[in-house]
Amino acid sequence: MSLHPILSALRRHKAGTILIALQIALTLAIVCNALFIIRARFEHMARTTGIDESDLLRVESTRTGIDSDTDAGKAALNASIRADLVALRQLPDVADAYETNSLPLSNNLWSDGYSFAPGLPPAVPTGLYNADEHALAILGVRLVAGRNFRSDEIVGHGQLGTFQPAVIIVSKHLADSLFPHGDALGKQVYFINATAPSTIIGVVEHLQTSLVDSSTDGWAWNSTLLPLRLVDPSRYYVVRAKPGRLAAAMQSVPAALYAQDPLRVIPDGAGDDDVGVQSFAQIRAAAYQGDRTLAILMGVISIMLLAVTGAGIAGLSSFWVGQRRRQIGVRRALGATSRDIARYFLIENALISAAGIAVGIVLAFEFNRWLMGKFELTQLSPAYVLVGVVMLLLLSQGAALAPALRAARIAPVEAIRSS
Amino acid sequence: MFKYYLRLGLRSLRRNPVLTALMVMAIGFGVASSMTTYTVFRAMSGDPIAWKSSKLFVPQIDPWGPAHRLNDEPPGGMTYIDAVALMRDHRGYLQSALYPIAPTVYTDDSSQKVRSAQGHAVYGEFFSMLDVPFLFGNGWSAADDEQHARVVVIGKNLNQRLFGGTNSVGRVIRLDSHSYRISGVLDDWHPEPKFYDLANASAFGTADQVFLPFTAAIDEQLFTSGRFSCGVKDPDPGFAGALASSCAWIGYMVELNTSTQVHAYSSYLDSYAHGQQVLGRFGWAPDNRLRDLPTWLAFKQVVPSETKVSIVVALCLLLVCMVNTVGLLLAKFLRRSGEIGVRRALGASRLAIAAQFGVESGAIGLAGGALGLLLTWLGVELMQGSLPKPIAALAHIDVTLLSETLLLAVVATVLAGLYPIWRAMSVRLSLQLKED
């Protein structure tokens, strides 16, 4: 079948043809980029923290009115932390608990930097987690080299001041950043302003820092565990519930803490934005809520876009079929089979789609370039464009199929029937 | 005439119900997705003090030096030393150093749970500078600032919780370890974004409920509940260490009413920084900023890129829907070339034809707008369920949004109708009469 009659027919309704092609082009450009954004969000959400997240919960507790600058205040805070932990560890729902400053995905970053000699500018940044000898087991983080902290190594430390603990445990990623030959264990490093070195006594497999946004993308896996008890009015307790008893522990843990000290504040989410008692599943859901919402929104918009474009193609194609009933009748009378007629409309649609897709591919990359300039997006991979092209080809042929089949059913007698 | 065109239009729309439905659907989808994303964008990108934001300025002084600047910018916050020096020199019309606090509120009522209250430590001029509305009482005086007076301004919600909404001015509340006399109760005041402290506090979330004199809060060693960033020098331990440190944690806002004042303040900042250089505290030349509030809001990028991407993609969907509508309207109008020819032959002017089809497009726009309203409502409900809590509260439907939705739908459809209407107007009557 020659394309010539199709092309000359298209030239007769130029405007409609151009509009459909334009619509396909725009749809392709937007859908590829939307799919790409969805994929990027899913990759972001799929990152692992490195900890065993089931049966884990976090309690945020603040007890003001104690002056943490004085020795007496420090002693009081130290004593209350110990007492809290003893009470928590005795609960029937609780396997173990420790006190800390932050937790992965908590969006509460404490950071510092390492250098190889005192006074040098920091070479490698790191996120900091206070820990004790229980922390590794509670988090379910696996040591790949070295040893855990001993209880006699844990000392108190306030929120401010220079960190220079004698021993530290680092994530493997951080160990490799500091010592690329894989011999970090036993090496000494210095925190910012520290005069005494800290010795790496253990390396854990994988541990994410606490921020989820992209500001720490370069060092999201650089984590350090400090053998420090946070002596501060505000702190986290991280609790591992006994298997299957997480829900019960979420009730009994704050109750036990209030029993220890009724004047503490554990926010309950009413009246402020903070929720003091959260399971790790809730922490994860909150951390990635923005990503999830964006992905859903992009998905919904893509579906609407494809629906509108498909329906538009179907609508215009039926219109054209209706407009050309007489011509179709003539062609049928002159010997064209109904197959020929259907093929004619499908090829016509394919030609328009091809033109639209060609423009759309260029637009897709241009749109992506523009988005990259404005927002934190990476370069669109051609695979997404390919997926988009296939989707749109199927969609436009699918949308044209019904009108084409209807055209094929037009009887030769239409040739002599007046409109 | 309008009624006649409307009747013609509705009849024509009824004649091709599928085509009509397609157009209404397209406009509805396009408008709803744009408006749903716009509700969030509108709330986040707002300027809560638009009537005077061009007179409010945020000064920045570089305490870290060029080696530790992020993206060649000084930190958003100030050191305590610089903030207090600027307050002492008092060169603006009105000004306040400020930092976020979250003290615990203790009540005598033991049945009430102990809670923290979010707020800010500010100077007395804060309230008049930002036109903060009071329900009862008022702020505090410069003398109170100087005397480190134990006074407090509380928010409407806290007043409701503690005092059942009655006038509590003169009553005393305990925050952390000290008592404060209430000098004023705010009326509803929940600016979002929280423009006065974008440097150190979150831009969205619950409204501040306690405001203490900066000087008293420092006396009580109330530590910041927000950002505390140190360049390369750690603070010494303890609260005194934080005050003496080069860490940035204090916000600052100043009102300057004329460009002369702005210039004078800008050169004052330079001479201050230069003075610090001479003293040997800064080992670098002055590198200050003095941005007005609109510039500062844009610079701090309070609208997350997710929200911006969403609205861009949603507007693209609307564009496609409009292209779609152009095609369908064109098909619909040109199919009636015969009818147009007859009307023209009977004396209808081109303008009359344009009016007829304009009314028809408008009707589609209205129907699309109605569908769009329904879908926008649905969309906002869904967004509220899926957005982070502080942002979800921002997405809401009001009369403005409703009318904007309808307006957008009608404008979009009429715009989409322009080309088809023009084509309909240009139908030549002789040709049409001949063919039929």
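Leaving aside neighbours within four places in sequence, which residues is A:V308 in contact with? In this predicted model, the partners are B:A26, B:F29, B:V320, B:C321 and B:N324.

**A:V308**

- A:V308 sits in helix α8 of chain A.
- A:V308 counts as buried, because 25 C-beta neighbours lie inside 10 Å and the cut-off for buried is 20 or more.
- A:T27 is 281 residues away from A:V308 in sequence. In space, the two C-alpha atoms are 9.5 Å apart.

**Where chain A meets chain B**

- Chain B puts 54 residues into the contact, and chain A puts in 51 residues.
- On the side of chain B that touches chain A, the elements giving two or more residues are α2 (17–44), β4 (115–116), α8 (238–244), α11 (305–335) and α14 (389–392) of chain B.
- α11(B) gives the most to that side, with 20 residues.
- Sorted by class, the side of chain B that touches chain A holds 30 nonpolar, 15 polar and 9 charged residues.

**Nonpolar cores**

- The largest nonpolar core has 105 residues. Those with the most contacts inside this core are A:L28, A:I30, A:C32 and B:L317.
- Not counting residues up to four places away in sequence, A:L28 touches A:I357, A:G360, A:I361, A:A364, A:G388, A:V389 and A:L392.
- Another core, of 71 residues, lies apart from the largest one. Among its residues are B:V151, B:L175, B:A217 and B:M253.

**Domains of chain B**

- In chain B, 5 residues of domain 1 are in contact with 4 residues of domain 2.
- α2 and α14 of chain B each supply at least two residues of the domain 1 side of this contact.
- That domain 1 side has 5 nonpolar, no polar and no charged residues.

**Helix α1 of chain B**

- Helix α1 of chain B has 14 residues (residues 2–15). At 1.5 Å a residue, α1(B) should span 20 Å. Its end C-alpha atoms are 20 Å apart, which agrees.
- Of the 14 residues of α1(B), the number buried is 1, so this helix lies largely in the open.

Technical notes:
Residues numbered from 1 in each chain as written. Chains lettered and ligands numbered in written order. Predicted model: local features only at pLDDT ≥ 70, side-chain atom pairs only at ≥ 80, totals over all residues. Helix = DSSP H or I, 4+ residues; strand = E, 2+ residues; numbered from the N terminus. Expected span 1.5 Å × (residues − 1). Buried ≥ 20, exposed ≤ 12 C-beta atoms within 10 Å, placed from the backbone. Contact = placed C-beta atoms within 7 Å. Nonpolar A, V, L, I, M, F, W, Y, C, P; charged D, E, K, R; others polar. Core = buried A, V, L, I, M, F, W, Y, C linked by C-beta atoms within 7 Å.
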